Amino acid sequence: MSTMVAESRHVLVYAPSPETFMELCLSVRRQPWVDCEVGDNECSWVGRGLHFEIDMVDCLEKAVEMLHGGYYNMVMVDCRHLPIEDVDHEKQEQGLHAFLDVLANEQDPERRYPQRRVAILVGDADEERVDRLIFDMGKRHVGACLRDMSLSPRPVGGKNAARIRFIEQIWSHCDRVLVGVRRGKKAIAAAGGGITGIYYEIGVLKCLHDAFDADIRDFDMFLGISGGAVVTSCLANGISIDEIITKIGDLDRTWNYRLKLSWRQLNVMEVPRRVFLMQREMLRYGMRMLKREDELSVASVFGIYAVLLGPIFDNAQFETAMRNLFKKSGHTNDFRELESELYIGATDQDRREAVLFGDVGFDDVTISRAVQASAAMHPFFPSVEIGGRYYTDGIVTRTSNLRSAIDHGADLVFIIDPFLPLISDQAGFNRSHGNMWVVEQDYKTMSYTRFAQARKELLRTNPDVNTYNFVPSNRMRRLMGKQNPFISRNFHPIVCEAYRGTYRRLKQLEYKMRGELASHNITLDLGPVEEKIELLRKAKKPDVKLLLDSQSSGKSRVA
């Protein structure tokens with residue numbers, strides 16, 4: 001018998017007819033290389049470097065309840081048709097399909113159990129029925145359909161040899177899925193959303209940092225777009241989340257830059273060029289009128305006037321502030337000198353193509369310049385010239401760089417996306433607001449709809465990738481929507497509410513995340529978060545300082 005010590009893996013077995021799995025356990029018990037202990041509703045299998053603690057249920061509702069109440073490394077459904085009297089084979093198949101329907105219809109992607117870790121056990125004397133069932137399982141994209149050939153009319157080598165091969169097949173599949181999978185990288189991908197979006201993102205990141213036993217700066221990869229590029233570039237540079245909060249929230253008076261737009265940032269240098277462009281357009285319009293190629297119309301006059309409406313603000317001071325921050329000791333403004341991978345998404349304004357600064361061919365750009373380009377959202381900021389090309393906000397072409405994270409080897413990705421529209425059942429709600437509000441909501445709707453569709457397809461084609469998406473609740477969006485996203489108000493309420501909302505989400509997913517994080521050597525502990533939530537509850541008003549750690553309680557980073 002095997003004496004190898006193995007890490008325990010938890011398996012849920014759903015057997016609509018419990019006799020089938022108990023019969024399998026007896027067969028496993030006879031193998032000389034397996035230690036098998038069998039109870040009423042659970043059993044333990046140990047052998048060849050694998051250790052399974054198995055919970056067995058024959059009730060659909062109980063199976064779903066257990067799956068949503070604890071972490072299971074694998075799920076098996078035993079749908080073999082044994083020659084046992086009073087076993088309803090049709091009921092077995094109905095139970096199988098009903099269980100898979102429950103898994104597939106889970107609306108919350110993070111709570112959905114991955115199909116790649118679902119194995120179906122099949123077998124029957126009626127081989128045509130088995131073939132049909134295997135075909136049906138293929139359409140459902142389950143991880144595996146394992147066939148017990150000992151139940152076929154003419155098993156090769158006899159029934160006993162076929163059963164041994166079936167057990168070996170189960171063992172090989174479990175080893176491949178649970179042990180043989182290459183562990184990928186851990187990534188944080190932060191989307192855009194203006195200044196209020198940055199506030200939301202640092203609230204989420206602070207909660208994640210407090211809930212993990214690891215420092216989030218030690219993640220392998222950081223990807224940012226627009227406002228998210230500001231935050232992720234700081235984390236990749238080794239700047240702690242507490243320091244980011246104090247700088248952005250004006251709590252650190254030694255940082256001589258304020259994340260706010262004022263009269264000093266007005267893009268007055270652009271005015272002469274805009275006047276020249278309008279004069280040139282008026283001349284062209286006059287020539288077309290003389291040639292009778294155009295006519296006098298309100299639309300034409302307005303089009304000429306619109307040429308004057310250039311970018312409102314200049315973000316050059318912002319680039320300077322980021323450059324100075326990254327030039328400090330221990331930091332760098334060079335993508336190639338970072339310990340972690342950093343990718344900043346932007347858009348080539350003329351080619352309408354997504355660009356990933358920090359990737360091969362785009363890693364010679366300074367980080368601060370890349371962040372400036374990624375956050376150059378029109379009509380607020382001008383495009384940024386880099387290497388003879390002009391770049392603008394990355395959110396024009398990408399909502400999140402999830403695809404890039406997967407392409408670069410990440411299989412655990414935390415996505416933070418504050419750029420969501422406010423939902424209202426009140427008819428005419430948006431019409432009652434100004435035009436800029438409606439444009440902003442339309443922009444957010446297109447962005448998130450695009451992301452949701454892309455994410456669904458990416459996860460379908462990359463079943464080994466786990467993602468956790470953190471977005472503001474509709475209540476939170478209402479708080480953020482009270483102001484223009486580029487106005488720096490409500491810092492404390494937004495950060496504190498983002499922290500609370502992230503805690504609630506972690507609490508919902510705790511049963512599942514614990515196992516996923518453990519495979520990346522991260523322990524999830526909500527105790528420290530709950531202590532700060534209680535401090536916020538007792539406070540008279542939201543105060544970010546209640547979330548900050550003292551110097552002595554900070555986590556040590558991985559060497």
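Helices (H or I, at least four residues) and strands (E, at least two) are DSSP runs, numbered from the N terminus. The model on screen is predicted, so local features need pLDDT of at least 70 and side-chain atom pairs count only at pLDDT 80 or more, while totals for chains, interfaces and linings use all residues. Residues are numbered from 1 along each chain as its sequence is written, and side-chain values use heavy atoms, with hydrogens and water left out.

**The whole chain**

Show the protein chain as a cartoon. Its secondary structure comes to 17 helices and 15 strands. Of its 559 residues, 52% are buried. Buried means under 20% relative accessible area, exposed over 50%, and partly exposed in between (1.4 Å probe, protein chains only). A contact means heavy atoms within 4.5 Å. Among contacts with a separation of 6 or more, 74% join residues 24 or more positions apart.

**Stop 1: helix 1**

Select residues 18-29. This is helix 1, with 12 residues. The expected span of a helix is 1.5 Å times one less than its number of residues. Now colour Thr20, Phe21, Leu24, Cys25, Ser27 and Val28, which are buried. Look down the axis: the buried residues of helix 1 fall within an arc of 160°, so they line one face of the helix. The arc is that of the directions from the helix axis to the C-beta atoms.

**Stop 2: the largest pocket**

Which residues lie nearest the centre of the largest pocket? Select Arg112, Gln115, Lys456, Leu459 and Arg460. The lining has 27 residues, and about 950 Å³ of space lies in this pocket. On a 1 Å grid over the protein atoms alone, a pocket is an open set of points with protein on both sides within 12 Å along at least five of seven lines; a cavity is a set of points where a 1.4 Å probe fits but cannot get out; lining residues have an atom within 4 Å of a point. Grid points are joined across faces, edges and corners, and a volume is the space filled by probe spheres set on the points.

Show helix 14 (435-461) and strand 15 (466-470). Each supplies at least two residues of the pocket lining. The largest share, eight residues, comes from helix 14. By class, the pocket lining divides into 10 nonpolar, seven polar and 10 charged residues. Ala, Val, Leu, Ile, Met, Phe, Trp, Tyr, Cys and Pro count as nonpolar, Asp, Glu, Lys and Arg as charged, and the others, Gly among them, as polar.

**Stop 3**

Helix 16 (491-518) is one of the helices that supply at least two lining residues. It gives the largest share, three residues.

**Stop 4**

Select Lys532 in helix 17 (residues 527-538). Is Lys532 buried or exposed? At 10% relative accessibility, Lys532 counts as buried. Beyond four places in sequence, its contacts include Asp210, Tyr499 and Asp549.

Next, pick Asn401, in the loop between strand 13 (389-393) and helix 13 (402-407). Asn401 is buried too, at 6%.

**Stop 5: a positive phi**

Finish at His141, in the loop between helix 4 (127-139) and strand 7 (144-147). Most residues other than glycine have a negative phi. Phi of His141 is near 60°, a positive value. His141 is exposed, with a relative accessible area of 52%.
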